[in-house]
Amino acid sequence: MNKLIVTITLCISLILSGCQASGGASSKDVDPALTKSNSAKFFSKSAWQSCAIGAGIGGIGCVLLGGKTGACLASAAVGCGVMMGANYYLDTKRAEYADAEMRLDVYIQDVQQNTYEVQAITENARAVLDKNLATLKSLNKQINSQSVTKTQAQKDLTQIDANIAYLKDKLSRMKKVENDWVSISSQERQSGVNVSKLDKEINQLHKQIAVLEKQINLVTQQRSAVRVS
């Protein structure tokens, strides 16, 4: 009965958090090369909400139909990965895989998937950010020589600002996922599991996130130097 109550409570909290989630950068004025790309769905607020609400409803339905609590947690979170949060993800995988080595293999696959998603976003963002850097360099010269109208300059800067905000929002979600993986690794280590292979994959994820962060910071610094009076 206690497991049943805990499972239903977890599922309800997921539904509520998915429905009540706020924040996140607006896609208004963002370069379509970012929002319309195949990688746009990765680390997005909408993807997280869909997983949270879907997993919560699916988990409750499974339990009410007489399913085992562990199996219900596992089946409800299929496809969501660690996006459901470290504790929920850990509970589902421990319920699904009693064998630690099998569980570690799944963790590693999911971390590698997250790393691939970060790489996809980074590669797509690089082209947009390089274009933004070129625009900022040109704008700076035009503003100094007074060869660009204030309206046009503000239009260009508005999109650059939107791109930066959009990517910073993605970056914050990536870092949340990375922190969740660190937490999962720590909890498994405390349980006596050898997590050295998992830690190596988490480190690769960290490095890839750092590449994107460096690109964003470079454009942010250049943007702060351009002012329209």
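1. S229 is found in the segment after α8 (196–224); helices here are DSSP runs of H or I with at least four residues, strands are runs of E with at least two, and both are numbered from the N terminus. At 86% relative accessibility, S229 counts as exposed (exposed means over 50% relative accessible area, buried under 20%, partly exposed in between, with a 1.4 Å probe and protein chains only). The C-alpha atoms of S229 and K150 are 7.8 Å apart in space, while the two residues are 79 apart in sequence.

2. On the basis of these values: this is a predicted model, in which local features need pLDDT of at least 70 and side-chain atom pairs count only at pLDDT 80 or more, whereas totals for chains, interfaces and linings use all residues. Residues are numbered from 1 along each chain as its sequence is written, and side-chain values use heavy atoms, with hydrogens and water left out.

3. The protein has 8 helices and 0 strands, and along the sequence its pattern reads α-α-α-α-α-α-α-α. Among the contacts with a separation of 6 or more, 81% come from residues 24 or more positions apart (contact means heavy atoms within 4.5 Å).

4. Of the 229 residues in the protein, 38% are buried. The accessible surface comes to about 12,400 Å², and carbon and sulfur atoms hold 52% of that surface; the areas come from the Shrake-Rupley method with a 1.4 Å probe, and for residues only the protein chains shown count as cover.

5. T122 sits in helix α6 (residues 100–145). T122 is counted as buried because its relative accessible area is 1%. Leaving aside residues up to four places away in sequence, T122 touches Q208, V211, L212 and Q215. A polar atom of the T122 side chain also lies 2.7 Å from the backbone oxygen of V118.

6. D29 has a phi near 75°, a positive value in a residue other than glycine, and D29 lies in the loop between α1 (2–20) and α2 (32–35). With a relative accessible area of 39%, D29 is partly exposed.

7. Q146 is not a glycine either, yet its phi is positive at about 55°. The place of Q146 is the loop between α6 and α7 (150–190). The relative accessible area of Q146 is 72%, so Q146 is classed as exposed.

How values were computed:
A polar contact is a pair of N or O atoms within 3.5 Å; within protein, one must be able to donate a hydrogen and the other to accept it, and residues adjacent in sequence count only if both atoms are side-chain atoms.
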